[in-house]
Amino acid sequence: MGVSGTLEYLSDLMSSSGHKHKKRKQLQTVELKVRMDCDGCELKVKKALSSLNGVKSVNINRKQQKVTVTGYVEANKVLKKAKSTGKKAEIWPYVPYNLVAQPYAVTAYDKKAPPGYVRKVDNNVSSTATVTRYSVM
């Protein structure tokens with residue numbers, strides 16, 4: 001440890017004086033599906049999400065009903081703030097269809113999904129279809 005590292009360590013020790021440090025949040029991107037019909041809806045959602053502490057940017061794609069928030073935020077807080085505007089909001093439920101093993105399975109197929117996307121489903125969950133075997137006697 002060099003001189004600057006030692007000084008930083010001592011500075012942290014002196015300034016902490018028994019207080020615990022808060023764990024820093026990681027920079028992350030939160031994607032939401034928010035129902036927006038007009039410019040007013042878009043502005044209302046953008047203004048509400050921009051007011052959150054730690055938000056660096058808010059990008060809205062009204063055609064896909066997609067809101068992307070980047071910053072030092074938690075996904076559940078962003079979702080709660082988006083719902084507080086009175087709009088229907090949920091965590092972005094879609095993934096590109098080329099990342100899903102069976103994109104046209106009943107659980108993954110969604111008519112409301114944007115082009116090239118299907119609903120996110122767990123691969124380990126079996127499909128709802130049943131297979132029946134008949135034996136010929």
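Modeller: Let's start with T68, which counts as buried because its relative accessibility is 17%.

Colleague: What does "buried" mean in numbers?

Modeller: Buried is under 20% relative accessible area, exposed is over 50%, and partly exposed is in between, using a 1.4 Å probe and protein chains only. Before we go on, some ground rules: this is a predicted model, where local features need pLDDT of at least 70 and side-chain atom pairs count only at pLDDT 80 or more, while totals for chains, interfaces and linings use all residues. Residues are numbered from 1 along each chain as its sequence is written, and side-chain values use heavy atoms, with hydrogens and water left out.

Colleague: How many helices and strands are in the protein chain?

Modeller: Helices (H or I, at least four residues) and strands (E, at least two) are DSSP runs, numbered from the N terminus. Here the protein chain has three helices and six strands, and reading along the sequence gives α-β-α-β-β-α-β-β-β. Of its 137 residues, 26% count as buried.

Colleague: Where is T68 found, and how many residues of β3 are buried?

Modeller: T68 is found in strand β3, where five of the six residues are buried.

Colleague: Which strands does β3 pair with?

Modeller: The general idea is that two strands pair if DSSP finds at least two bridges between them. In this case, β2 (residues 55-61) and β3 (residues 66-71) run antiparallel and are joined by six bridges. You can pick out partners across them: V58 faces V69, and I60 has V67 as its bridge partner.

Colleague: Which residues does T68 touch?

Modeller: Contact means heavy atoms within 4.5 Å. Leaving aside neighbours within four places in sequence, T68 is in contact with T29, V30, E31, S57, V58 and N59. For the whole protein chain, take the contacts between residues at least 6 apart in sequence: 56% of those join residues at least 24 apart.

Colleague: What is the phi of Q65, and where is Q65 found?

Modeller: Q65 is in the loop between β2 and β3, a hairpin with four residues between the strands. Its phi is positive, about 60°, although Q65 is not a glycine. Q65 is also buried, because its relative accessible area is 13%.

Colleague: Is K66 buried or exposed?

Modeller: K66, in strand β3, has 13% relative accessibility, so it counts as buried. Its side chain makes a polar contact with the side chain of E31 at 3.3 Å. A polar contact is a pair of N or O atoms within 3.5 Å; within protein, one must be able to donate a hydrogen and the other to accept it, and residues adjacent in sequence count only if both atoms are side-chain atoms. Not counting residues up to four places away in sequence, K66 touches several others, including L32, N59, W92 and Y117.

Colleague: Where is W92, and what does W92 contact?

Modeller: Look in the loop between β4 and β5 (94-96). W92 is buried, with a relative accessible area of 5%. Beyond its neighbours within four places in sequence, its contacts include Q64, Q65, K66 and P114. Its C-alpha atom is 9.1 Å from that of R119, although W92 and R119 are 27 residues apart along the chain.

Colleague: How much space lies in the largest pocket?

Modeller: Rolling a probe the size of a water molecule over the atoms shows where empty space is left. On a 1 Å grid over the protein atoms alone, a cavity is a set of points where a 1.4 Å probe fits but cannot get out, and a pocket is an open set with protein on both sides within 12 Å along at least five of seven lines; lining residues have an atom within 4 Å of a point. Grid points are joined across faces, edges and corners, and a volume is the space filled by probe spheres set on the points. The largest pocket here holds about 270 Å³. It has 15 lining residues, and K33, R35, K88, E90 and K112 are the closest to its centre. The elements giving two or more residues to that lining are β1 (28-34) and β4 (89-91).

Colleague: How do β1 and β4 pair?

Modeller: They pair in the antiparallel sense over three bridges, and K33 has E90 as its bridge partner in β4.
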